[in-house]
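Let's go through a few labels and ask what each one rests on. Here is the structure to keep open while reading.

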Amino acid sequence: QVQLVESGGGLVQPGGSLRLSCAASGSIRSIFAMGWYRQAPGKQRVLAASISSGGSTNYANSVKGRFTISRDNAKNTVYLQMNSLKPEDTAVYYCNALIATLGPDYSDYWGQGTQVAVSS
């Protein structure tokens, strides 16, 4: 059994910063990619940022230059540093990871989501 536990969401004023964390635990043999998706009210869930096991990163155009994704492989943890936050960043943020447990295949795992609200 694998769990992804997120933390760090909350309410922040425009221009402020937040740091999200997501720790994976359980019977983990290997983690390939990790990432953060977000879902605004009434909209589809979309990728915000991702990072491979080797450290290659990918960002949605809307967050480039403001968000930074990083990971600590020793702790099976991924982070999302969010700076210069805008009201349009308001969403539920979900952690995602491709994880291999006992066998060779990777499966998709999701966290429970953490709310980020940007408002004055």
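Q: Where is Asp105 found in this model?
A: This is a predicted model, and in it Asp105 is found in the loop between strand E9 (91–100) and strand E10 (106–110).

Q: Why is Asp105 called exposed?
A: Its relative accessible area is 60%.

Q: What does Asp105 touch, leaving aside its neighbours within four places in sequence?
A: Asp105 is in contact with Ile99 and Ala100. As for Ser30, that residue is 75 residues away from Asp105 in sequence, and the C-alpha to C-alpha distance is 9.7 Å.

Q: What makes Ser21 count as buried?
A: Ser21 has 18% relative accessibility. The cut-off for buried is under 20%, so Ser21 falls on the buried side. Ser21 has its place in strand E3 (residues 18–26).

Q: Which residues does Ser21 touch, not counting those up to four places away in sequence?
A: Val5, Glu6, Ser7, Trp36, Val78 and Tyr79.

Q: How do you know that Arg38 and Asp89 meet in a salt bridge?
A: Look at the N to O distance between their side chains: 2.9 Å. The rule asks for a side-chain nitrogen of Lys or Arg within 4 Å of a carboxyl oxygen of Asp or Glu, so the Arg38–Asp89 pair passes. This pair links distant parts of the chain, with Arg38 in strand E4 (residues 30–39) and Asp89 in the loop between strand E8 (77–82) and E9, 51 residues apart.

Q: What makes Asp89 and Arg66 a salt bridge?
A: Their closest N and O atoms are 2.7 Å apart, and the limit is 4 Å, so this pair qualifies too. Arg66 lies in the loop between strand E6 (57–59) and strand E7 (67–72) and Asp89 in the loop between E8 and E9, so the bridge ties together parts that are 23 residues apart in sequence.

Q: Why are Asp89 and Arg66 called buried?
A: Asp89 has 0% relative accessibility, and Arg66 has a relative accessible area of 10%. Buried means under 20%, so both residues get the label. Arg38 is buried as well.

Q: What joins Arg38, Arg66 and Asp89 into one network?
A: Salt bridges that share partners. Asp89 bridges to Arg38 and also to Arg66.

Q: How many salt bridges does the rule give?
A: The count comes to 2.

Technical notes: Residues are numbered from 1 along each chain as its sequence is written. This is a predicted model: local features need pLDDT of at least 70, side-chain atom pairs count only at pLDDT 80 or more; totals for chains, interfaces and linings use all residues. Side-chain values use heavy atoms; hydrogens and water are left out. Helices (H or I, at least four residues) and strands (E, at least two) are DSSP runs, numbered from the N terminus. Buried means under 20% relative accessible area, exposed over 50%, partly exposed in between (1.4 Å probe, protein chains only). Contact means heavy atoms within 4.5 Å.
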